[in-house]
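Let's take a walk through a protein structure together. Keep the picture and the sequence side by side as you read.

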Amino acid sequence: MKYFGYLFLLSTTIAIASDFSCPGGKTYPVSLTFDDGPAGAKTHKAMDILKNNNVLGTFFVLGENFDSEEKRRINYPILERMKREGHIVGSHTFNHIPHTAVSSERAFSNIDRATELLKGYMSPIVRLPYGDGSFATSKPEKKLASEKVMNHIKEKGLTHVGWSIDTNDWDVKKRPFVLESMMKQICQQHGGVILFHDIHQNTIDHLDGWIHELKKAGHSIEPLTYFYKNLENKSLLKKDEVHGYCQQNEDKPNAIDSLSKKINEICNKIK
Ligand SMILES: [Zn+2]
């Protein structure tokens, strides 16, 4: 009987160990972000999964999903649920365009239009589509365009938030490797902000499993705000952007909602 007991113990130990543990069993903080929504039932399902796993996420939504009465009727309640359940809502701008490849006027209005439509729901954060604003470029034209757009974002009191771990979940060919690639990048970069897209059914179908793997490898899934006080090495945000974000929140001593309250608390801690 004792012998079987040992066997049982051995098998459970093997079952607990993760195939994706980082070298030395190191564990890191990560944050989950979802772009391009809201996408109706898929986004609701994503929130169900996050809720069941007791995890908070960030949704960078597109303003174009709020440009008609019909869309607003469906999509504002999704944003309401996000806020109610403690998730962060950010702007992914209005149309999904490359902001550094269009005129400044078009880029600026595309950012502002989304901010206007998302007022009351979004935190003062924006993520430009296609990694604009996050990637260094050697092309002078693109660099100038990027500076202009980033300045505009700053002038509007917004903070640009990129990502550091790209799952390529949108790419049909790379989909089978999302988990492997994500876990590898986490070990290499010591955690970071993960990019997903809640508009893809494949992502929704696997999200629960991916979260389980993250937990199994010992990583902690944190709200995006966690990374505003833990940006040391090469990461998605510069330190001055972190302070900029907190300074903006200083102007609002009376937090309007629980999310702002939480952000204020974190900002107060890192002062
Ligand atoms: Zn996008």
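Look at the contacts between residues with a separation of 6 or more: 78% of them join residues 24 or more positions apart.

How far can you trust what you see? The chain averages a pLDDT of 83, and 77% of the residues score at least 70. Two stretches call for caution. Over residues 7–15 the pLDDT stays under 50, and the model shows zero contacts there beyond four places in sequence. Residues 229–260 also have a pLDDT below 50, but this stretch has 42 contacts in the model beyond near neighbours in sequence. Where pLDDT is low, the predicted coordinates should not be read in detail.

Now turn to the helices. Two packed helices are described by the angle between their axes and the distance between the axes. Find helix α2, residues 40–52, and helix α3, residues 69–84. They pack at an angle of about 10 degrees, and their axes are 11 Å apart. An angle under 35 degrees counts as roughly parallel, and α2 and α3 are therefore roughly parallel to each other. On the α2 side, Gly-40, Thr-43, His-44 and Met-47 take part, meeting Ile-74, Ile-78, Arg-81 and Met-82 of α3. Sorted by class, this contact of α2 with α3 has four nonpolar, three polar and one charged residues.

Helix α2 has another partner, α7: these two pack at an angle of about 0 degrees, with axes 10 Å apart. By the reasoning used above, α2 and α7 are therefore roughly parallel to each other. Here α2 contributes Lys-42, Lys-45, Ala-46 and Ile-49, while α7 contributes Gln-201, Ile-204, Leu-207, Asp-208 and Ile-211. The residues in the contact of α2 with α7 divide into five nonpolar, one polar and three charged.

Next, look inside. Which residues touch the most other members of the largest nonpolar core? In this core of 52 residues, they are Val-89, Leu-118, Ile-165 and Ile-194. Helix α7, which spans residues 201–216, gives the most to this core, with five residues. Zoom in on Ile-165: setting aside residues up to four places away in sequence, its contacts include Met-182, Ile-186, Val-193 and Ile-194.

Finally, visit two residues that touch each other. Gly-63 sits in the loop between β2 (57–61) and α3, while Ala-114 is found in helix α4, residues 104–117. Are they buried or exposed? A residue needs 20 or more other C-beta atoms within 10 Å to be buried. Gly-63 has 22 and is therefore buried; Ala-114 has 26 and also counts as buried.

Beyond its neighbours within four places in sequence, Gly-63 is in contact with several residues, including Ala-114, Leu-117 and Leu-118. Ala-114 in turn touches Gly-63, Ser-91, Thr-93 and Phe-94.

Notes
Residues are numbered from 1 along each chain as its sequence is written. This is a predicted model: local features need pLDDT of at least 70, side-chain atom pairs count only at pLDDT 80 or more; totals for chains, interfaces and linings use all residues. Axes are lines fitted to C-alpha atoms, for helices over the stretch in contact, and angles run from 0 to 180 degrees between N-to-C directions. Helices (H or I, at least four residues) and strands (E, at least two) are DSSP runs, numbered from the N terminus. Angles under 35 degrees count as roughly parallel, over 145 as roughly antiparallel, 65 to 115 as roughly perpendicular and the rest as oblique. Two residues are in contact if their C-beta atoms, placed from the backbone, lie within 7 Å. Ala, Val, Leu, Ile, Met, Phe, Trp, Tyr, Cys and Pro count as nonpolar, Asp, Glu, Lys and Arg as charged, and the others, Gly among them, as polar. A nonpolar core is a set of buried Ala, Val, Leu, Ile, Met, Phe, Trp, Tyr and Cys residues joined through C-beta atoms within 7 Å. A residue is buried if 20 or more other C-beta atoms lie within 10 Å of its own, exposed if 12 or fewer, and partly exposed in between; C-beta atoms are placed from the backbone. pLDDT is the predictor's confidence in each residue, from 0 to 100.
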